[in-house]
Amino acid sequence: MSLTTDAKRAIRATLITWLIGGLIYPFMMIIFGQLLLPYQANGSLITNSQGQVIGSSLIGQPFTSERYFNSRPSTTNYSTADPKKDEAGVLKTGVSGASNLAPSNVALIERIKGKDGFQRLQTADLVYTSGSSLDPHITPEAAKAQINRVAKARGVQEQQLETLINQNTDKRFLGIFGEPGVNVLKLNLALDALKSGS
């Protein structure tokens with residue numbers, strides 16, 4: 001075999017691989033995604049009653065008001081970082097990840113001592129960030145630890161809030177994989193609907 005023949009084969013193989021892997025396969029996945037799973041393929045976006053996108057069921061959002069269930073702390077401030085106060089450069093880098101704060105770290109101790117300090121001690125997911133720091137879920141226990149505060153702030157019965165938590169708890173996948181979790185954005189939207197409906 002000559003060098004020219006080998007070079008032609010190598011170029012043909014590269015072009016065919018690029019055509020299949022770089023064009024055909026991605027476009028097929030886009031088409032299948034839009035036909036079979038359009039909600040998931042478009043980011044699992046959640047809209048409000050006016051049809052405006054308010055978030056994704058896959059990305060956590062900060063809730064700090066007494067009237068809402070709070071989400072996990074985040075090292076990335078989720079997607080609400082202020083460009084003028086972005087000392088950590090989160091918006092520039094798109095960083096996600098855990099804080100890796102040691103038990104003796106002052107920032108972690110202050111987070112625990114903050115408002116709801118006692119309730120936070122009962123549930124680790126209200127104290128520690130998740131591995132990605134973008135987790136939209138908290139445990140049902142963490143949601144239930146906040147019932148008293150939310151009930152007082154909204155003037156609703158605690159039993160109503162417990163029912164809402166149970167209705168918005170995602171079960172284990174196929175009954176065996178993962179742990180039950182409560183999507184905080186969905187729970188707070190249901191909470192707003194409960195208040196407006198009563």
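This is a predicted model: local features need pLDDT of at least 70, side-chain atom pairs count only at pLDDT 80 or more; totals for chains, interfaces and linings use all residues.
Tyr68 is partly exposed, at 22% relative accessibility. Residues are numbered from 1 along each chain as its sequence is written, and side-chain values use heavy atoms, with hydrogens and water left out.

Arg154 lies over the face of Tyr68, 4.7 Å from the ring centre. The criterion is NZ of Lys or CZ of Arg within 6 Å of the ring centre and within 35 degrees of the ring normal.

## Aromatic pairs

The whole structure was searched, and two aromatic pairs turned up. Phe63 and Tyr68 make a tilted pair, 5.7 Å centre to centre with 45 degrees between the planes. Phe63 is buried, at 15% relative accessible area. Phe173 and Phe177 also form a tilted pair, with 6.4 Å between centres and 35 degrees between planes. Phe173 is exposed at 57% relative accessibility, and Phe177 is partly exposed at 48%.

Rings of Phe, Tyr and Trp (its six-membered ring) pair if their centres lie within 6.5 Å; planes under 30 degrees apart are stacked, over 60 edge-to-face, and the rest tilted.

## Chain layout

The chain holds nine helices and five strands. Both are DSSP runs numbered from the N terminus: helices are H or I with at least four residues, strands E with at least two. From the N terminus, the order is α-α-β-β-α-α-α-β-α-α-α-β-β-α. The chain has 198 residues, and 29% of them count as buried.

Helix α1 covers residues 3-36, 34 residues in total. At 1.5 Å a residue it should span 50 Å, and its end C-alpha atoms are 47 Å apart, which agrees. The expected span is 1.5 Å times one less than the number of residues. α1 bends by about 30 degrees at Ile24, and Pro26 follows within four residues. The bend is the angle between axes fitted to the seven residues ending at a residue and the seven starting there.

Helix α7 spans residues 147-154. Its buried residues are Ile147, Arg149, Val150, Ala151 and Arg154. Gly155 follows α7 and has a positive phi, near 70 degrees.

Most residues other than glycine have a negative phi. Ser44 has a positive phi of about 50 degrees, although it is not a glycine. Ser44 lies in the loop between α2 (38-41) and β1 (45-47), and is buried at 4% relative accessible area.

Leu174 also has a positive phi, near 55 degrees. Leu174 sits in the loop between β4 (169-170) and β5 (181-183). At 65% relative accessibility, Leu174 is exposed.

## Cavity

One cavity of 30 Å³ or more was found in the whole structure. About 40 Å³ of space lies in the largest cavity. Its lining is Ile59, Gly60, Gln61, Phe63, Ser71, Pro136, Val184 and Leu185.

A cavity is a set of points, on a 1 Å grid over the protein atoms alone, where a 1.4 Å probe fits but cannot get out; lining residues have an atom within 4 Å of a point. Grid points are joined across faces, edges and corners, and a volume is the space filled by probe spheres set on the points.

Notes:
Buried means under 20% relative accessible area, exposed over 50%, partly exposed in between (1.4 Å probe, protein chains only). On a 1 Å grid over the protein atoms alone, a cavity is a set of points where a 1.4 Å probe fits but cannot get out, and a pocket is an open set with protein on both sides within 12 Å along at least five of seven lines; lining residues have an atom within 4 Å of a point.
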